[in-house]
Amino acid sequence: MHSINRVKMSFQARPDNVGFARVAVACFASQRDDLTVDDIEDIKLVVSEAVSNAIIHGYSGDESKYVTVDCTLYDEGIEVVVEDQGKGMEDVDKAREPAFTTHPERMGMGMTLMEALMTRFEVTSQLGQGTRVVLFKAFGGQGGTDDGTDQE
Amino acid sequence: MSVKAKHDRGCLVVSLCGELDLKTAGELKATVDPALLETRTAPTVVLDLSGVNFMDSSGMGAILGRYRTVSQMGGKLAVCSLTPQLRKLFELTGLTRIIPVFASQDDAVVGLQGGE
């Protein structure tokens, strides 16, 4: 895919920065006028989910740590990569199950939403190393994989 | 985020305004839970979401947490006045199958009192 524009940001793992991250990514994405308002809302939601997961699960609320968000606009769509260097997950497949949560005040639906709203959603994680979430939203319902195959 | 509570025909009506996410979800708990402790009977609670312009699963977790608390007390909780974006979120997460949803605050107060 041909990269048009890219922005990378790193911020402290504080709840205050969840809103900053989603609005910043939405602003970046809105450079493309072929994204609908619903698309932008979907992107805001999944960024909020991924950054919240990094803060809560990756760093267990340690606000001295940093979350990285790397966004790239392609001709075909927008890719957002959210990374932490936190404790990582032992079982990614288990974490992707709907309603799986380790917190009583949480829904455990964050990854389900990311999967439902994005064209492509990938999670890689290593215990003690951190977690990397890749979110890709195709423009105009196009498929979005690097190998050119359609997702839907 | 602002959270305002009032009583209407025996219901605790909580109106939320702003963004409900990881940063603000605690404000809902901090307003509703003390009010529930003051009730002597099974509480009926309406969460008016008409002013919520963004919500993620942290916000939904806070709502579900209050629903569980109210249910454990033998009471009822409903939400009302969902924007299209919130309705989509409630449907995607299956929350509409758990928590009653009403079109307006008045409908919710009447609906909960009527035993729906």
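Me: Which residue in S5(A) is the bridge partner of A:Val81?

Reply: The partner is A:Val134. Bear in mind that this is a predicted model. Another bridge to S5(A) is that of A:Ile78 with A:Lys137.

Me: Why is S3(A) called largely enclosed?

Reply: A residue is buried if 20 or more other C-beta atoms lie within 10 Å of its own. Seven of the eight residues of S3(A), residues 77-84, are buried, so the rest of the structure largely encloses this strand.

Me: What is the strand order of the sheet in chain A, and which strands stand at the edges?

Reply: The order is S1-S2-S3-S5-S4, an open sheet of five strands with antiparallel pairing. S1(A), residues 3-12, and S4(A) stand at the edges, because each has a single partner strand and one side of each is left without a neighbour in the sheet. From one strand to the next, the twist averages 10°.

Me: Where do the helices lie relative to these strands?

Reply: H1(A), residues 16-29, lies across S1, S2 and S3 of chain A and runs at about 170° to S1(A). H2(A) lies across S2, S3 and S5 of chain A, at about 175° to S5(A). Chain A has four helices and five strands in total, and along the sequence they follow the pattern β-α-α-β-β-α-α-β-β.

Me: What makes H4(A) a mostly covered helix, and what does it pack against?

Reply: Six of the eight residues of H4(A), residues 110-117, are buried. These are A:Gly110, A:Met111, A:Thr112, A:Leu113, A:Met114 and A:Leu117. Within chain A, the buried residues of this helix pack against H2, H3 (92-95), S4 (120-126) and S5. They also pack against H2 and H3 of chain B.

Me: Which residues have the most contacts inside the largest nonpolar core?

Reply: They are A:Val46 and B:Val46, in a core of 72 residues. H2(A) gives the largest share of this core, nine residues. Leaving aside neighbours within four places in sequence, A:Val46 is in contact with A:Leu113, A:Met114, A:Leu117, A:Met118 and A:Leu135. In soluble globular proteins, nonpolar side chains tend to be buried together.

Me: How many residues of each chain are in contact across the interface, and which elements of chain B contribute?

Reply: On one side there are 16 residues of chain B, on the other 18 residues of chain A. In chain B, the elements that give two or more residues to this side are H2 (57-72) and H3 (84-93). H2(B) has the largest share, seven residues. By class, the side of chain B that touches chain A has six nonpolar, six polar and four charged residues.

Me: Why is A:Ser60 called exposed, and what sets its backbone apart?

Reply: The limit for an exposed residue is 12 or fewer C-beta neighbours. A:Ser60 has 11 inside 10 Å, so it counts as exposed. Its phi is positive, about 50°, although it is not a glycine. A:Ser60 is found in the loop between H2 (37-58) and S2 (66-74) of chain A.

Me: Is B:Arg9 buried or exposed?

Reply: B:Arg9 is exposed, because 11 other C-beta atoms lie within 10 Å and the limit is 12 or fewer. B:Arg9 has a positive phi of about 50° although it is not a glycine. Its place is in the loop between S1 (2-8) and S2 (11-20) of chain B.

Conventions
Residues numbered from 1 in each chain as written. Chains lettered and ligands numbered in written order. Predicted model: local features only at pLDDT ≥ 70, side-chain atom pairs only at ≥ 80, totals over all residues. Pairing = 2+ DSSP bridges. Contact = placed C-beta atoms within 7 Å. Nonpolar A, V, L, I, M, F, W, Y, C, P; charged D, E, K, R; others polar. Core = buried A, V, L, I, M, F, W, Y, C linked by C-beta atoms within 7 Å. Axes fitted to C-alpha atoms, helices over the stretch in contact; angles between N-to-C directions.
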